[in-house]
Amino acid sequence: MKRTALLLAAALAVASPFAAADAATPKDTIVMAKQIDDIISLDPAESFEFSGSEAVGNVYEKLIAYDLKNVSRLYGQLADTWYVGGDGKTYTFKLRQGIKFHSGNEMTAEDAAYSLQRAVIMNKTPAFILTQFGLSKDNAKDKIRAVDKYTLTIETGQAVAPTFFYYCMTAVVASIVDSKVVQQHDQNGDMGNAWLKTNSAGSGPFKLVSWKANDAYVLERNDNYWGGSKAFARRVVVRHIPEPATQRLLLEKGDVDFARNLTKDQLDAIADSPHIATQEALKGSILYLGLNQKNPNLSKPEVREALKWLVDYEGIEKNILRGTYKLHEAFLPQGFFGALADKPYKFDLDKAKALLAKAGLANGFSVTMDTRNLSPYTDVAQAIQASWAKAGVKLELIPADGRQTLTKYRARQHDIYIGNWGPDYQDPHTNAETYAMNEDNTDNARSKTLAWRNAWDIPAMTAKTKAAVLETDAKKREQTYLELQREHQQSSPFIIMYQQVEVSAARKGVTGFIMGPSFDNNLYHAIKK
């Protein structure tokens, strides 16, 4: 009873900023309980976190997109047609006519050119998805051009597989913004970045009303949406409810329509509820540990391998993650071209101790792990802490909110980081690049992949990964990715453990939530109740 009372008190406390929505959950308003502490910005040229990208995906649109039920099929969103020239480097997009932004301004090729130039010139975290095509701050305005009102061309530095380029254009960073509105909010040459963190200038079915960190974001229906039927819900409120147990209580009471982060125990508890239904989707997100190679102990190959043998993969899945993650040990998630299904690691204390002794650390060592202060991250981290202790590895956990741990991780100031990584687009290069490429291991490198974040200097693997994306023979390309993953499993400073199965629980009668394979295509426009 005491535990329940505390949870209810917590639920009421966090509910206060949106008390009006909370009290009634009116027919035309959808209220979600979700962990959104990872949001750093809602500017599509900067947003690179799971929760932020979900919001952006409901507000902005891209030139092209992929079919969520068949990701091999691309279709035009803001573009009507597209093709690549005979040089293999010049891509042309013919835009749809008559599309209006939220402001009422017409979307033109000038907006598309400005949006992509802006993402390249600002060079925020996700910009590498565009700059890898030879686009830079110095050449963006020459290489990305509006030929006429409805024609956009993009010239890449070298010919690449066209499908690779097109899938990169489906990433969040390639979202198209209303250039007139954004330029009106330029502050000291920031290209509207400060304003666009908490405001929107898109063309999608929703527009952003507000976002307050660690509190909530609110979207409002775009009643003039160009794409035919407008969204069913007039408003969507996504509240930051960190505790899964609190999310469950709010859902059972009917104070929220969705609970988005229920863990194994909560899902077991609601399994027979006549008032709640769940839906799930296999996501591309991978739960992993990153071991910073700036730490002298973690840079020893024997230590990296020993720590991989010290994780109780099956026990954690069974006791903590069941139903929400599945065991997976390679950098390409299942469902991707070239994904490796091998699972070479399991808990083996003797093997781990022998490797630590070989590294001159027979008595173990001390190390820290930055972890998002939420379930299941803390639960998994504590399980790892316990199993590593059996080999003398003293693991200190440093909990913090998602923004703090991400900021520290991106600055390469961690020892070990536990987190999720989701693909940015539906081509294997997306994860191969981030896990297996590091072109410049200096602190000021332009491309800051996960391999870079963990200071893993790998010129040979980087060259092999870069060659894979240029391979036009599908069989050879697939073999290269399989080889890369096997080599990566053995030598990398990444302990890849699980692939996410996202589960959403909703009040019965609330339908239409679309859960795509990526974090930016969880879509709200069809939700109704």
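Student: What makes α12 roughly antiparallel to α14?

Tutor: Helix α12 (residues 301-309) and helix α14 (residues 349-358) pack at an angle of about 165 degrees, their axes 8 Å apart. Axes are lines fitted to C-alpha atoms over the stretch in contact, with angles from 0 to 180 degrees between N-to-C directions. Angles over 145 degrees count as roughly antiparallel, so α12 is roughly antiparallel to α14. This is a predicted model, in which local features need pLDDT of at least 70 and side-chain atom pairs count only at pLDDT 80 or more, while totals for chains, interfaces and linings use all residues. Residues are numbered from 1 along each chain as its sequence is written, and side-chain values use heavy atoms, without hydrogens and water.

Student: Which residues make the contact of α12 with α14?

Tutor: Contact means heavy atoms within 4.5 Å. Glu302, Val303, Glu305, Ala306 and Trp309 of α12 make it with Lys351, Ala352, Leu355, Leu356 and Lys358 of α14. By class, these residues are six nonpolar, no polar and four charged.

Student: Why is α17 called roughly antiparallel to α19?

Tutor: Helix α17 (residues 429-436) and helix α19 (residues 459-468) cross at roughly 170 degrees, and their axes come within 10 Å. Therefore α17 is roughly antiparallel to α19. His429, Ala432, Glu433 and Ala436 in α17 meet Met461, Thr462 and Thr465 in α19. That contact has three nonpolar, three polar and one charged residues.

Notes. Helices (H or I, at least four residues) and strands (E, at least two) are DSSP runs, numbered from the N terminus. Angles under 35 degrees count as roughly parallel, over 145 as roughly antiparallel, 65 to 115 as roughly perpendicular and the rest as oblique. Ala, Val, Leu, Ile, Met, Phe, Trp, Tyr, Cys and Pro count as nonpolar, Asp, Glu, Lys and Arg as charged, and the others, Gly among them, as polar.
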